[in-house]
Amino acid sequence: MSHQGASAGLSDAVTMIDRSVRLMRRNVDTLFVSILLPMLMMALFVYVFGGAINTGTEYINYVVPGILLLTTGYGASNTAMAVADDMNSGMIDRLRSLPIRSFAVLTGHVTASVARNAVSTAIVILASLAMGFRPAAGPADWLAAIGLLLLYVLALSWLAAGLGVIAKSVESASTLSFFMLFLPYLSSAFVQPETMPSWLRPVSEHQPITPVIETVRSFLIGTPMGNNGWIALAWCTGLLLFSVTLATSLYRRRTSH
Amino acid sequence: MIVEATRLRKSFGATEVLTGVDLQVPEGSVLALLGPNGAGKTTIVRILTTLTRPDAGQATIAGYDVLREPAQVRGVISLTGQYAAVDENQTGRENLVMVGRLMHLGRPAARRRTAELLEQFGLTDAMDRRVKTYSGGMRRRLDLAMSLIAQPRVIFLDEPTTGLDPASRSTMWDAIGELVRDGTTILLTTQYLEEADRLADQIVLLDKGGIVATGTADALKAQIGGERIELRFADEMQLLKATGVLDGIADELVLNIPSDGTAAHLHHVLDVLRDNGLQPERVSSHRPTLDDVFLALTASDRS
C-alpha cells in the first residue's frame, strides 16, 4: 500500500469512527439501557440473590467482575444491531460506491462499541464502589484488569460486527447476539462452578468467559490466579483474530455478488 | 463514450436478469433506462457502479474497467439508490460533510461544498436538524446532494422520484435539470415514462433483462406510427357504420384512425363523417405516449 493509500485509509477510518460515535451518542435509549441494565443486575444479585449465595467472600466482591463481563455482552449486541442496520439499509450501497476501504465501515462500529463499553464499564465500577465493592488492587492490577477487559470487549465487538453483517434485519441481529448475553450466566460470574450439576460444570469451566472473569477477579480482589491469566489472554487473542477474519470475510462476501 | 457496456449478462440462481445488454452514453448526456419492475434496470446500475459483478460482458466508466479498476471507477461516479441512503440520526449537514470527507476532500473543502449544496437544494434552513425529521422529498434531495459532493463525472440515479408526491417530484426534476446544464453525464432508471420523456436525451427500453428499443423519445414514438384521431360514438350502430367508411381500429365505442397530423387529413375525416350522416360525440387528436410505445413493443412477448 502506498503512503498516500495508508493515510487515506486512516482518514476514512477516522471519519467512520466519528460517524458511529455520533450515531451511538444520539441513540439515547440504547445508551441509557446499556448502562442502567448492568446496574440493575448488580443490585439484583447483591441485594436479592447475594444473601443466599455463599462464595467465601463478600458477595459484591465476588460478583462485580461478572457484572463487568455481562455489561460488555450487552454492549456488543448493540453493535451487532448497528452494523445490521447499515447492511440492510441503502447506506451500505452508498458507502460501498465511495472510494473507501470496506474495512473502514466495520472499524467505525467496533471502535464506537469499545468506547461505549469503556464508558459503561467505568460507570458500573463507580456504582459498585458506592454499593460496597472493596477491591484489594494496586494501580498495576487495575491496569492489567482494564487491559484484559478492553481486549475482551474488542474481540466481542468484532464478533458482534460479524453477526451484524450476516443478519438479515436489525431484529435478527439482536436474536443472534442473544447468546452473548446468556453465556455469562453459565460461567463463574454469579456462582462458583463447583455448585453446578456435574454435566454443566465442564461447560462453565471451559468456556472463555470463566477464565476472563477469574483473571479480573484475581487482579481486583486477589483470588489465586493459577493458569487463568494465560488462558484468558489466549482466548481473547484467539477470539479477536477469529472474529476479525470472520467479520471482514463475511462483509466481503455479503457485499460482492 | 463515457459509459460503455458490452453484452452484460447476469443471473441470480436460475433466474436470468440480464440477457446481454449493450449501452453507450456520450459525455454530458442523459440516458434513461425505462422498464417495469424486474426488467433489470437496477442490476445494470449495480454493475456499472461496481456493486455487482456481471457473469459475462464488460463495462468501462471514463475508460476505467468496472471489474479491474473499481477504485478508480468509484472516484468518478456517484450513486443515488432507490432508498434514500442517509443517516437518520445525523443532521443534513453532518451527512454531507461525512461523505465529503470519505471522498477525501479535506475538511475545509468538505465544509465549503456542503454549504453550496445545502443552498442549491434548498436545505439550508433544515441543515442542523436530524434527517429523521425531514420529509420524503427533503431526504431525496439530501441524498442527491450527497452524491454530488465531489462533483462526479457520471451520476447514477436509481428511480430518483419513486414514491414522491408531485410537488417533490417536480423539484427533483428541476435539480436534475440543473446538473444536466452543468454538463454532468447522467444515467437514470425509471418506471415513469413521463420522467424519461422529460429528462432523457436517449431512452433505453428494457423488458425481461433485454433491450427492446433504443432512441430519443420522439424516435421511439415515431417507431409505432405517428398521430391518431380518436372518434367516440354514442352507440355501436354508429361505430359500425363508421368502421365501414374509415380505416381505423375500433376499441369499445372509440375508433382510432392513424393520421399524419395535418389539417387536410382531419378535414377529410370530418367530411366522410358528414357525408355518411355520422355524429361522433367527441373528436380528439393524440400523439402517441411512451406508454403506447412500451405496450406496442412488448406486446408480442406478452400475448
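Visitor: How are α3(A) and α5(A) oriented to each other, roughly parallel or roughly antiparallel?

Guide: Start from the angle between the two axes. This is a predicted model, and in it the axes of helix α3 (residues 59-87) of chain A and helix α5 (residues 102-130) of chain A cross at roughly 155°. Angles over 145 degrees count as roughly antiparallel, so α3(A) and α5(A) are roughly antiparallel to each other. Their axes come within 9 Å.

Visitor: And which hand does the crossing of α3(A) and α5(A) have, left or right?

Guide: Here α3(A) passes α5(A) in a right-handed crossing.

Visitor: Which residues make the contact between α3(A) and α5(A)?

Guide: On the α3(A) side, they include I60(A), V64(A), I67(A), L68(A), G75(A) and D86(A). From α5(A), V105(A), L106(A), H109(A), R116(A) and V124(A) are among them.

Visitor: Now the nonpolar cores. How many residues does the largest one have?

Guide: The largest nonpolar core has 87 residues. To find your way in it, look for the residues with the most contacts inside: V63(A), A80(A), V212(A) and A145(B). Helix α3(A) turns up again, giving the most to this core with 16 residues.

Visitor: What is A145(B) in contact with, leaving aside its neighbours within four places in sequence?

Guide: With those neighbours left out, A145(B) is in contact with L96(B), L117(B), F121(B) and L123(B). There is also a second, separate core of 45 residues, which includes V21(B), L157(B), I176(B) and F294(B).

Visitor: How should I read the contact between chain A and chain B?

Guide: In general, the size of an interface is often given as the accessible area lost when the parts come together. A residue count is what we have for this case: 20 residues from chain A and 23 residues from chain B. On the side of chain A that touches chain B, α1 (3-26) and α4 (91-96) each supply at least two residues. The most comes from α1(A), with seven residues. By class, that side of chain A has six nonpolar, seven polar and seven charged residues.

Visitor: What does chain B contain in helices and strands?

Guide: Chain B has 11 helices and 14 strands, and its C-alpha trace spans about 80 × 45 × 30 Å along the principal axes. Of its 303 residues, 40% count as buried. Among contacts in chain B with a separation of 6 or more, 68% join residues 24 or more positions apart.

Conventions. Residues are numbered from 1 along each chain as its sequence is written. Chains are lettered from A and ligands numbered from 1 in the order in which they are written. This is a predicted model: local features need pLDDT of at least 70, side-chain atom pairs count only at pLDDT 80 or more; totals for chains, interfaces and linings use all residues. Two residues are in contact if their C-beta atoms, placed from the backbone, lie within 7 Å. Helices (H or I, at least four residues) and strands (E, at least two) are DSSP runs, numbered from the N terminus. Ala, Val, Leu, Ile, Met, Phe, Trp, Tyr, Cys and Pro count as nonpolar, Asp, Glu, Lys and Arg as charged, and the others, Gly among them, as polar. Axes are lines fitted to C-alpha atoms, for helices over the stretch in contact, and angles run from 0 to 180 degrees between N-to-C directions. Angles under 35 degrees count as roughly parallel, over 145 as roughly antiparallel, 65 to 115 as roughly perpendicular and the rest as oblique. A crossing is left-handed if the near helix is turned anticlockwise from the far one by less than a right angle, and right-handed if clockwise. A nonpolar core is a set of buried Ala, Val, Leu, Ile, Met, Phe, Trp, Tyr and Cys residues joined through C-beta atoms within 7 Å. A residue is buried if 20 or more other C-beta atoms lie within 10 Å of its own, exposed if 12 or fewer, and partly exposed in between; C-beta atoms are placed from the backbone.
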